[in-house]
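Reader: Hi! Could you walk me through this one in plain words?
Author: Happy to, let's look at it together.
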Amino acid sequence: QGYATTDGNCPGLATRNRHTQRVAAQADAVADLGGGSCSFEEEARPPFAKRVAAMPRVVVQHHKFLVMVCINVANLVCHSVYSVLAAFFPQEAKAKGMSEDAVGIIFASFAAVIFVCSPLAGRFMSKYGKVWVYILGLVIVSLSTICFSVASMLPAGAPFAAWCFVMRLLQGVGSAMEETAAYAIIADIDVERVSLYLGICEISTGLGYMVGPPLGGSLFAMGGFAAPFLLLGMALLPAAALIYYKVPLDVHRLGKEEARTDVPMSTLLRNPQVMVIALASMLANSDYAFLEPTLGNHLQRVGLASDPERIGMLFSVSSITYTLSCPVIGVLANRERFGPRPMIVTGLLMQLLGFMLIGPSPLLRLKSLQMGQMVTSLVLFGVGESMSMTPVMDDMMHSCGDSADACVNSLSSLMAASFSLGQMMGPLTGSALTSRFSFPWACTVMALVLLIHTSLIMLAEVWNPRRLTKEGGKYMELTPLNPPDAESAAAD
């Protein structure tokens, strides 16, 4: 069995492993069913490197349902790992002699590590493949979460604090690999419906944030400190095993002579259309995090909620709205409907309105904050965040034009880094602005920032727009991102 190159030569595949040959045959079958010629003599086939580059997508699409189930289960558990500490860890940490500042560092280190490690995960995907990085990330999160359960048996003070800090860092490293690879794998499932599949995955993200605290509290009450970590850590292993056995790793590993040259992140950072959307996703993800350390005290001050249960119920309004609206936004953001960019801008404007109402902003000159106004603003946050985050990957791929496939790994890294940066900056910004001014003025500042960035997105469209082709209005790249062809790279 061989593949014809552009000059008609047919190098053999004797040195390649059997699995690669089998997947190559699957790629041939798909091409032939799509109308391609079965004869080598009638029409020269694409070079081997280009055909092998398409193999991961063929295999992932073949197991589409299984891949989506595993990614959503893992996504649910990983985000539960992030939020599970809120129910019991601060109290246990203080009992072990940790200060409030040290507890805050434990919480913040998770998002900080994801921000730092996401670009490295993109490089690993280019070298070893998306699925390999995804499975390794799940294993790291699983083992570090299981090891976290040992902390309660350590002496109070420095040993307990150091162990928790190291395990939290490892959880962040694994989550960075898992989250970054998941975005890239989803992009391989269906390029035309990236927003839809990301919207489906955001359901599990929202559920993870919601389920984590009550699940952690219940398991802590039944089994002690170790129970939540053991259950969540073990829950990740079946998803990793299914991906390992059903989606072969070998098809994601190309030899040096056939390796596809991915576009580096440094090139994407020079593309203004990509950067304005990356910053938009960072701001969109910071709004809920902005409210986490500030909204509870504000609700108590204005008399809308006086106990933790009511405060938690109001927080859940935004989470539930976000979770339910994500798949709908994924459908509406399709390029054949409203498109990703209008949805992102509309979502940012809805969040802007939410900040103006939740204060309320002194600029509105409202006498008081009513419960209906509070719920409306939280609904605006939930829907607005889903609108400005779900279509991000699709929009950035459109901005890369014909080089979108070669940009997927770097775009996934950039997307994960932007989300984690917003998750990290939100609480810091909220606490800093509220302590120096007041909650209403802090929300007004956030609304102003969103207004400025929305204006920048529109300015980028006017100043240097993405050109449209005649075929279906697809976007051409704004900045030249054409990577060197695999054949020329091999020749070099």
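Reader: Where is L456 placed?
Author: L456 sits in helix α19, residues 439–463. Helices here are DSSP runs of H or I with at least four residues, strands are E runs of at least two, and both are numbered from the N terminus. This is a predicted model: local features need pLDDT of at least 70, side-chain atom pairs count only at pLDDT 80 or more, and totals for chains, interfaces and linings use all residues. Residues are numbered from 1 along each chain as its sequence is written, and side-chain values use heavy atoms, leaving out hydrogens and water.

Reader: Is L456 buried, exposed or partly exposed?
Author: L456 counts as partly exposed because its relative accessibility is 41%. Buried means under 20% relative accessible area, exposed over 50%, and partly exposed in between (1.4 Å probe, protein chains only).

Reader: New topic: which peptide bond is cis?
Author: The one from G359 to P360, with omega near -15 degrees. P360 is in the loop between α15 (340–358) and α16 (371–389).

Reader: What about R365 in that loop between α15 and α16?
Author: R365 lies in the loop between α15 and α16. R365 has a positive phi of about 55 degrees, although it is not a glycine.

Reader: And why does R365 count as exposed?
Author: Because R365 has 76% relative accessibility.
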